[in-house]
Amino acid sequence: MSMRIFIPRDAGAVAVGADDVALAFEQTAAKRGVAIEIVRTGSRGLYWLEPMVELATPQGRIAFGPVTTAEVPALLDAMAGNGQHALRLGVTDEIPWLKRQTRLTFARCGVIDPRSVDDYRAHGGYRGLERALTLTSDQILADVTTSGLRGRGGAGFPTGIKWKTVAQTSADRKYIVCNADEGDSGTFADRMIMEGDPLVVIEGMTIAGITVGATKGYIYIRSEYPHAVEAMNAAIVAARRAGLLGKRIGGSVHEFDLEVRVGAGAYVCGEETSLLESLEGRRGIVRAKPPLPAHKGLFGRPTVINNVLSFAAIPFILDNGAKAYSDFGMGRSRGTMPIQLAGNIKYGGLFETAFGITLGELIDDIGGGTFTGRPVRAVQVGGPLGAYFPRALFDTPFDYEAFAARDGLIGHAGVVVFDDSVDMAKQARFAMEFCAVESCGKCTPCRIGSTRGVETINKIINGERVAQNLAVVEDLCNTMKFGSLCALGGFTPYPVMSALKHFREDFGPAPARLQAAE
Amino acid sequence: MTSGYEPWDEARGAEIIAEHSGLEGATLVILHALQEAFGYVPEPAIPMVAQALSLSRAEVHGVFTFYHDFRKQPAGRHVLKLCRAEACQAAGGDALAARAEAKLGISLGNTTADDRVTLEPIYCLGLCATAPSAMLDGRVVGRLDETRIDALVAEAQR
């Protein structure tokens, strides 16, 4: 009997050698005349163990990692024999880091062949759509609303309300748009799910389509994600072939089809109205709201625009019921959040868990502190527009409102860890620089404010009239926060102000702390 | 690799444009396709795109210049993109970027005089748990350290 070996095709795993490892398995097995079947999966999200290779056994899958090509011959021996090897991690599902998670959205990621509809179905896929096809639009809307699902892109707007608005707006055409322009540093959950379980995104979008009466959907993926583009396109072809996209979906009266569009390197296109402009073939200039995209979105038609993870959460909700989802979480943050631990961290990766876990648990307990072994000094939560948190705020629970109460945001749930070598004035300047480069230029606070911000922080770093210039930065931040059209200019003050508030000692000529460390 | 691209040819350009001009909001799709074929978006193509989509030249030029991806001229034979976003900064990316710049004798955003290597910053490859990361001609590389960045630079220079 041939051995079934699972090796990720996920870009994060490929970046550390997964393709080479797969090739080595193939060649070594061929040379020895050993029959193996290699299944290229997504990643389980335990990136410090990548490339992580799994073997199907009667006891479940056994994991080995991190694997290098040099170890492949010995690993193949172990797999054919008693399974003992220094890289053996045991039964994958029993690895504590994985076992502690609540994987609702990511249940199949890293497990199945992402391009196989059969494999997807065998692991519970398309049950949500099947049930949705037996319900009325209002019934589906009720499920989505009572699940408590809020937009996973960062804004946290209730998904059910958004869908209902589109459902109730009449038009000759409506659209479903998936925002896969995951530009925030420290986030990679969209990429992972698109590469590891793209059909769950397709299923979620299809359910959205039949709910609001849209027949066409677009997935706007950033160009920095070529692997995700390829995986998504392959899955769309597979779904069409299985009759799950196109006319008469699953034998029903409904029609829905999808197309992938690729971005072109503009961060601001992650903002929904800018994304719509870009999809229409224009410069990614932010639109003023109202009108809301739900009323006048893509090509002026009512449009549901949601993040990848919002759509990916839908099949579970339809399959298992709204309550099964809303039973997880705290306060008004219901369900689970796929949290991404990144940067200078020992155990980085994707950790899906119910809302409510504290920042400290995530960083120290699950993340194991820094990769460099130095003390954690700051963590940025929510991407380039998220606040920097000091250790003193590590008791903050992962919850939209709790983060807002501490002048931060959870955004797309990326957590970037910095050790004590970080210079927070430099990080604050970077936030302004990034905003200046990526600003679409439509509104003055963002376009001009960010450039003035860089100049002023430079003066502070050079020791010029520090107190007065700090006041200028604060004033600029207020103008940007309250005067910008979208979150780019509006939220850039979060990293800047949090750095100022919690790490004031870094602002001034040559921080004494860093000089002492030299 | 630039050597893999076709030289600009008007008929070929027209063919590429015609292939996609029926799509809704086709501008970006066409610009991507042109760049994929020629390695950059040749200037004579801009009015052709405008005409095919019933847009003004200014509109197409505006789209072309808004997005970081589109090139006015061909890149070097190899393109090395270094992630310069926060997660990679936290993992030592600043020093590695400076090292690559010193080795190549150019700063980020430039091409070596012999046209071999274009060195560019990129803001997040989504490889933030295996940071710092880079992309060489479409191939992703994570967990960069001094040895690995040196090897990547050497590979790009070949």
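This is a predicted model: local features need pLDDT of at least 70, side-chain atom pairs count only at pLDDT 80 or more; totals for chains, interfaces and linings use all residues.
The contact between the chains draws 45 residues from chain A and 35 residues from chain B. On the chain B side, the elements giving two or more residues are α2 (27–38), α4 (57–66), α5 (86–90) and β5 (139–141). Of these, α2(B) gives the most, with four residues. By class, the chain B side that touches chain A comprises 21 nonpolar, 10 polar and four charged residues.

Within chain A, helix α21 (residues 493–502) is mostly covered. Nine of its 10 residues are buried. The buried residues of α21(A) are P493(A), Y494(A), P495(A), V496(A), M497(A), S498(A), A499(A), L500(A) and H502(A). They pack against two strands of chain A, β14 (376–381) and β15 (388–390). They also pack against the helices α17 (424–438), α18 (444–461), α19 (466–483) and α20 (487–491) of chain A.

The crossing of α19(A) past α21(A) is left-handed. From α19(A), the residues L470(A), V473(A), C477(A), M480(A) and K481(A) take part in the contact. They meet P493(A), V496(A), M497(A) and L500(A) of α21(A). This helix–helix contact has eight nonpolar residues, one charged residue and no polar ones.

Note on methods. Residues are numbered from 1 along each chain as its sequence is written. Chains are lettered from A and ligands numbered from 1 in the order in which they are written. Two residues are in contact if their C-beta atoms, placed from the backbone, lie within 7 Å. Ala, Val, Leu, Ile, Met, Phe, Trp, Tyr, Cys and Pro count as nonpolar, Asp, Glu, Lys and Arg as charged, and the others, Gly among them, as polar. A residue is buried if 20 or more other C-beta atoms lie within 10 Å of its own, exposed if 12 or fewer, and partly exposed in between; C-beta atoms are placed from the backbone. A crossing is left-handed if the near helix is turned anticlockwise from the far one by less than a right angle, and right-handed if clockwise.
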